[in-house]
Amino acid sequence: MSKDESGRIRSWTLEPSKPGYVPPAGAVDAHCHVFGPMAQFPFSPKAKYLPQDAGPDMLFALRDRLGFERNVIVQASCHGTDNAATLDAIAKSNGKARGVAVVDPAISDTELDALHAGGIRGIRFNFLKRLVDDAPKDKFLEVAQRIVRMNWHVVIYFEADILEEMKPFIAALPTLVVIDHMGRPDVSQGPHGVDMTAFRALLDSREDIWVKTTCPDRLDPAGEPYDDFVNAVRPLVEDYPDRVLWGTDWPHPNMETRIPDDGGLVDVIPRIAPTAELQRKLLVDNPMRLYWAD
């Protein structure tokens with residue numbers, strides 16, 4: 001764990017390796033975040049963690065080092081519903097970033113339009129109790145209805161133990177749905193384990209449910225080389241090739257006790273997407289369809 005003199009936490013490696021795998025031209029890191037800079041974009045008073053600054057310059061330098069061309073920046077929970085830091089990073093990307101916002105359900109249509117103009121293309125609902133105090137499903141459904149006109153989608157973050165109770169809510173969403181980190185299954189169970197079987201049933205319930213096949217560092221208790229993750233996730237990429245996304249999750253919120261190497265994460269890609277066609281869909285075609293359709 002790395003903390004500065006004020007106790008702020010660093011959850012990313014300072015010297016990520018250069019991956020051996022070279023992503024295809026146009027590859028998108030479709031799940032990453034920015035933190036601050038705090039002096040310009042203060043963190044939410046409700047934040048459950050206080051990170052060191054990880055701003056757009058650092059993100060774009062990492063993008064280039066890893067061989068990617070674009071980013072989808074997801075609003076981090078430490079910034080609450082103030083999306084200013086995310087919008088700032090998108091604005092500094094020269095058109096190479098889009099975003100996913102976290103909003104107060106009472107947000108006005110004018111404010112939604114401003115987010116769209118700033119590059120936002122979806123909203124995220126977080127159901128992790130350790131990160132958020134309140135997740136009102138009824139109000140989330142109301143705001144989901146209001147983003148249909150903009151052709152946005154909903155991103156949902158939850159853990160496998162509440163998948164069953166999430167099903168009615170997910171079924172009621174009027175937009176395309178993206179599930180963060182596959183709903184955090186226990187990958188050590190393998191591709192036919194209880195968690196992955198239940199998640200596949202969710203995917204089969206609607207053709208417009210997509211999934212981020214991300215975070216071996218979070219999901220594989222055995223750690224590198226993430227064999228359990230690869231074993232459980234590769235069949236998902238092969239069986240749902242037009243509905244999968246991938247991202248680094250940089251700067252890895254709350255991973256300060258086991259900081260991953262971003263180059264090593266990129267080298268997992270060809271192991272879960274073993275053909276050039278699968279890699280192109282995962283890294284280029286699918287994220288471009290979702291975030292740069294216009």
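How many of the five residues of strand β5 (residues 97–101) are buried? In this predicted model, five of the five are buried, and the strand is accordingly described as mostly covered. The cover extends to both faces of β5, with Ala97, Gly99 and Ala101 buried on one side and Arg98 and Val100 buried on the other.

The surroundings of β5 can be followed through its pairing with other strands. Strand β4 (residues 70–74) pairs with β5 in the parallel sense over four bridges, and within this pairing Asn71 stands opposite Ala97 of β5. In general, the strands of a sheet pair through backbone hydrogen bonds, in either a parallel or an antiparallel manner.

These strands belong to an open sheet of eight strands, which follow the order β3-β4-β5-β6-β7-β8-β9-β10 with parallel pairing. The edges are formed by β3 (28–32) and β10 (244–245), each of which pairs on one side only.

Helix α5 lies across β6, β7, β8 (177–179) and β9, and runs at about 175 degrees to β7. In helix α4 (residues 137–146), the buried residues are Phe140, Val143 and Ala144. Viewed down the axis of α4, these buried residues fall within an arc of 110 degrees, and they therefore line one face of the helix.

Arg63 lies in helix α1 (residues 56–66), and it counts as buried because its relative accessibility is 10%, where the cut-off for burial is under 20%. Apart from its neighbours within four places in sequence, Arg63 is in contact with Phe68, Glu69, Arg70, Asn71 and Lys96.

Aromatic side chains were examined next, and the structure holds eight aromatic pairs. Phe35 and Tyr49 form an edge-to-face pair, with 6.0 Å from centre to centre and 65 degrees between the planes. Both residues of this pair lie in the loop between β3 and α1, 14 residues apart, and both Phe35 and Tyr49 are buried. By comparison, Phe68 and Trp246 form a stacked pair, with 5.6 Å from centre to centre and 10 degrees between the planes. Since Phe68 lies in the loop between α1 and β4 and Trp246 in the loop between β10 and α9 (262–266), this pair ties together parts that are 178 residues apart in sequence. Phe68 and Trp246 are both buried. Finally, ring pairs link Trp12, Phe35, Tyr49 and Trp250 into a cluster.

How values were computed:
Residues numbered from 1 in each chain as written. Predicted model: local features only at pLDDT ≥ 70, side-chain atom pairs only at ≥ 80, totals over all residues. Heavy atoms only, no water. Buried < 20%, exposed > 50% of the residue type's maximum accessible area, 1.4 Å probe, protein only. Helix = DSSP H or I, 4+ residues; strand = E, 2+ residues; numbered from the N terminus. Arc of directions from axis to C-beta. Pairing = 2+ DSSP bridges. Contact = heavy atoms within 4.5 Å. Axes fitted to C-alpha atoms, helices over the stretch in contact; angles between N-to-C directions. Phe/Tyr/Trp six-rings, centres within 6.5 Å; stacked < 30°, edge-to-face > 60°.
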